[in-house]
Amino acid sequence: MPADLNALRPAVWPRTSGRTDGAITIGGVDVRDLAKEYGTPLYVLDEEDVRSRCRDYRAAFHDGEVHYAAKAFLCREVARWIEQEGLGLDVCSAGELAVALSVGFPPERITMHGNNKSLAELERAVEVGVGHIVVDSYEEIARLGYLAERHGSRPKVMIRVTVGVEAHTHEFIATAHDDQKFGLSLSSGAAAEAVRRILALPQLELVGLHSHIGSQITDTAGFEVAARRLATLLVDIKNEHGVLLPELDLGGGYGIPYVDGDEAPDIKVIADGLREIVARTCRLAGLPVPRLTVEPGRSIVGLAGVTLYEVGTVKNVEGLRTYVSVDGGMSDNIRTALYGAEYTAVMASRESPARPMLSRLVGKHCESGDMVVRDLWFPQDVSPGDLIAVAGTGAYCRSLANNYNYLPKPAVVAVSGGRSRVIVRRETEEDLLRGQL
């Protein structure tokens with residue numbers, strides 16, 4: 001049970017958040033004003049928080065490259081912020097690529113991912129000249145070779161290597177063990193065979209190796225093992241083919257704190273550790289040290305986002321808990337239902353001196369599993385009309401949003417310097433009906 005139900009613990013809230021006259025402010029804007037102007041549910045994104053974390057990564061990996069993982073959350077305005085802060089961008093679909101290109105994001109700073117890229121997606125990537133394409137299968141190597149020859153280009157490619165690291169995270173977001181859909185296995189020899197096939201195609205330029213061990217990882221051990229194994233593969237490639245690959249992409253997956261007690265890796269410690277491991281392995285083998293790239297997503301945008309809800313009903317189940325129902329739920333945040341994600345939530349429109357009660361923050365959908373926060377403490381006087389703020393919702397909430405029960409997706413509002421503006425408008429009933437005959 002928290003000592004103070006009104007406290008905003010800095011580790012899980014946006015960097016510019018606080019309370020003024022009892023109400024939460026973000027970017028200098030009162031959440032009551034946001035709810036009044038834009039309605040609820042509402043995604044609120046702290047622009048300065050996002051930009052400052054971009055700068056933190058650039059400083060930590062000053063001698064490498066940082067690419068923002070668009071899947072965490074992408075819209076045109078966020079793409080502009082990423083470009084202005086000097087980061088590259090990772091996309092994994094034609095749609096994400098289209099968003100980036102629509103704001104003039106430099107294609108040479110874009111990397112195309114995906115385990116099943118269509119011919120159309122690959123062709124679009126080749127046509128616009130994305131900086132890297134990360135190949136994920138033998139079939140893709142052949143497709144890309146065909147397209148490159150047809151377009152008279154020579155795209156730079158990397159191989160996604162499954163390094164066999166069992167990341168300490170939920171099975172749905174662990175991606176580097178052999179029994180899953182991503183990448184080419186290091187242990188089975190599939191990655192080495194992919195190297196041979198690419199080098200046999202003069203239409204493709206093999207520039208490096210890629211690995212991504214999972215998401216929401218809060219210790220550095222897995223990253224260190226992955227870095228060591230990829231560096232060893234670089235040595236094997238040099239010995240077999242006489243080829244020195246100049247780049248090594250170690251992916252993202254860096255975790256963030258969602259609730260009290262959660263830990264998050266220090267990005268400078270990660271950067272220094274990865275740099276030292278790769279450098280040591282390569283130098284012992286007499287290889288030049290490759291240029292490192294990392295791909296943070298959640299750890300740039302996750303803590304910058306807060307979701308605002310309005311309480312609709314409060315239902316006490318005697319002897320168990322109180323159910324606090326809000327005007328959103330699993331359509332705007334499916335992570336709790338999908339894999340048991342945990343969040344911090346507080347009353348946002350006022351402070352309360354009332355005693356705590358065991359609660360469950362639930363949505364309005366026709367599902368028993370429609371929970372925003374499974375177990376938390378709310379003041380006993382929480383009432384219909386109160387605003388609730390849920391922290392840490394900047395990543396994978398709007399990206400995974402859906403229209404279950406035909407609820408329109410909420411707007412996204414950016415706040416900065418005491419001002420707010422819509423960067424993704426709220427869906428309407430007309431939007432829900434569009435496309436139906």
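Tutor: Buried means under 20% relative accessible area, exposed means over 50%, and partly exposed lies in between (1.4 Å probe, protein chains only). The model is predicted, so local features need pLDDT of at least 70, side-chain atom pairs count only at pLDDT 80 or more, and totals for chains, interfaces and linings use all residues. Residues are numbered from 1 along each chain as its sequence is written, and side-chain values use heavy atoms, without hydrogens and water.

Student: Is Gly253 buried or exposed?

Tutor: Gly253 is in the loop between strand E12 (247-249) and helix H9 (267-284); helices (H or I, at least four residues) and strands (E, at least two) are DSSP runs, numbered from the N terminus. Its relative accessible area is 12%. Because this value is under 20%, Gly253 is buried.

Student: Which residues does Gly297 touch, not counting residues up to four places away in sequence?

Tutor: Gly297 lies in the loop between strand E13 (291-294) and helix H10 (298-301). Gly297 is buried, with a relative accessible area of 5%. With contact meaning heavy atoms within 4.5 Å, Gly297 touches Tyr68, Ala69, Ala72 and Gly302.

Student: Within what arc do the buried residues of H1 fall?

Tutor: In helix H1 (residues 31-38), the buried residues are Val31, Leu34, Ala35 and Tyr38. Lys36 and Glu37, on the other side of H1, are exposed. The arc is taken from the directions from the helix axis to the C-beta atoms. Seen down the axis, the buried residues line one face of the helix, because they fall within an arc of 95°.
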